[in-house]
Amino acid sequence: MKSFQKELNRRRTFGIISHPDAGKTTLTEKLLLFGGAIQEAGAVKSNKIKKGATSDFMEIERQRGISVATSVLGFEYKDIKINILDTPGHKDFAEDTFRTLTAVDSVIVVIDVAKGVEEQTEKLVEVCRMRNIPMIVFINKMDREGKDAFELLDEIEQKLNLTVTPLSYPIGMGYDFKGIYNIWEKNVNLFTGDPRKDIEDTIEISDLTSSELDDLIGDEAANELREELELAQGVYPEFDKDAYLRGQLQPVFFGSALNNFGVRELLDCFISIAPTPRPKESEERIVKPEEDKFTGFVFKIHANMDPRHRDRLAFVKIVSGTFERNKPYLHVRNDKKLKFASPNAFFAEKKEIVDVSYPGDIVGLHDTGNFKIGDTLTEGEALNYRGIPSFSPEHFRYINNADPMKSKQLAKGIDQLMDEGVAQLFTLELNGRKIIGTVGALQFEVIQYRLEHEYGAKCTYENLNVHKATWIEAEDEKSEEFKDFKRLKSKFLAKDKKGQLVFLADSQFSLQMTRDKYPSIKFHFTSEF
Ligand code: GDP
């Protein structure tokens, strides 16, 4: 076995987050090109759901195929093992992204220079901020007219509640985009608009007052750059790696992914500052990556594309120790030992059976239905990684069985799809009716289609007016207040898959009224409290 510590130290596992169309796919592709992991542009398929594709099942299937292929992209660059975890940008799959963010050690946030901070960026960054995940910001599409750098940095601070400091600075933009000054490396990279331009073409300028700068970009641009950099120095804090690692300072880079410009600078800085695998909290204790015993958790489950085999691929992030093929590990929730004969490691264009994996790595384990999202694997210790919270769904519908002969298949299908995290299931206390809650309307079609094609079951939906699901916590379950609540609100009470009590409020107003009426009861907006 290679030196464990060395393998640990050279791993960087991160996610790229952005609003759709900001350039996540393009940036991913350029990063892979630097790693020599792919040979040409266009090799990385976007996992975007195109507008209007909602009823196109072929499209859904195609997307599922792509999302397996691009779930984890591993490559090497300058002897660093980089794992990119794919996060769907489409808001209907936001939960998937939230879950994936529990497995990254840092993120890169891509922002479109013209559009600035957009809705999905705000939501995803908030999740990262709450968890103190180190973030680097990449402002993309500098070859287009967009917002002024200061305005944009300001917007990022205001809307995303971050503290930024530029590590590169644009010289002009759009039609006048001349290049970037790399504050981190103290050099200038001139923009030619040719993506194949030799990446070594940067010009050292350690002294900004030197006339070399004027010769390079012209007097006017040089003076403007000097002024703006001076101003920036006054406004923004100096870069501090520890503050970045604590999630308190976010360095910013400028570039154009499409033109492969500014990406090398981003990547070189990334490998030198981004964290190696971070310790992780479990219910019992904090686990450090350098511990010699293996631990890991499932953050994503993907159903096999072949409907005749109902096996699934569970994505496990290794938190500590080494994961070895054919070694028995404890599946803590089921208290069962499991062995994996063919764990997969992920590379840019393929997955391969792997004998040993290290902290930071993701292994894909074939599963016939043992795993749920959030499950922990260990060498024997009864350890439970902090669950991955469910958020209140946005859309709710009754699900009905459309083929009485297939009720078993339907139940099994629903069960497994919920384990995969496609949607959430609620069972009404009053009559046992089943309600599916999803983040986006698209999931209902995905579920219906998959139930039929993978489980041979048919379902129909019925509309239901629910504004939000809130998880209920009673101070005292025996109190008169709680009994009164349960009696009067019985129509609105359901159990989630774990058996936790949920209140399905039909409007904002009724939720507020109910909260006011029962002050000793807590109404939580996520399942973990
Ligand atoms: P994603 O939805 O975030 O994955 O975005 P994509 O990578 O698919 O990019 C969305 C669109 O923006 C595509 O048409 C890209 O070609 C384009 N794009 C990406 N980067 C740049 C850039 O640096 N400059 C310009 N002009 N277009 C870009």
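By class, the shell around the ligand holds 4 nonpolar, 9 polar and 6 charged residues. Here Ala, Val, Leu, Ile, Met, Phe, Trp, Tyr, Cys and Pro count as nonpolar, Asp, Glu, Lys and Arg as charged, and the others, Gly among them, as polar. The model is predicted: local features need pLDDT of at least 70, side-chain atom pairs count only at pLDDT 80 or more, and totals for chains, interfaces and linings use all residues. Residues are numbered from 1 along each chain as its sequence is written.

The ligand is surrounded by 19 residues. A residue is near a molecule or strand if its C-beta atom, placed from the backbone, lies within 6 Å of it. The closest are Lys24, Thr25, Thr26, Ser256 and Leu258. Helix H2 (residues 24–34) gives the largest share of the shell, 3 residues. Helices (H or I, at least four residues) and strands (E, at least two) are DSSP runs, numbered from the N terminus.

Two strands pair if DSSP finds at least two bridges between them. S6 and strand S11 (residues 250–254) run parallel, joined by 3 bridges. Pro166 has Val252 in S11 as its bridge partner. Two residues are in contact if their C-beta atoms, placed from the backbone, lie within 7 Å.

A second topic is Gly421. Gly421 lies in the loop between helix H11 (407–420) and strand S25 (424–428). Gly421 counts as buried because 20 C-beta neighbours lie inside 10 Å. A residue is buried if 20 or more other C-beta atoms lie within 10 Å of its own, exposed if 12 or fewer, and partly exposed in between, with C-beta atoms placed from the backbone. Leaving aside neighbours within four places in sequence, Gly421 is in contact with Glu95, Asp96, Arg99, Ile301 and Ile373.
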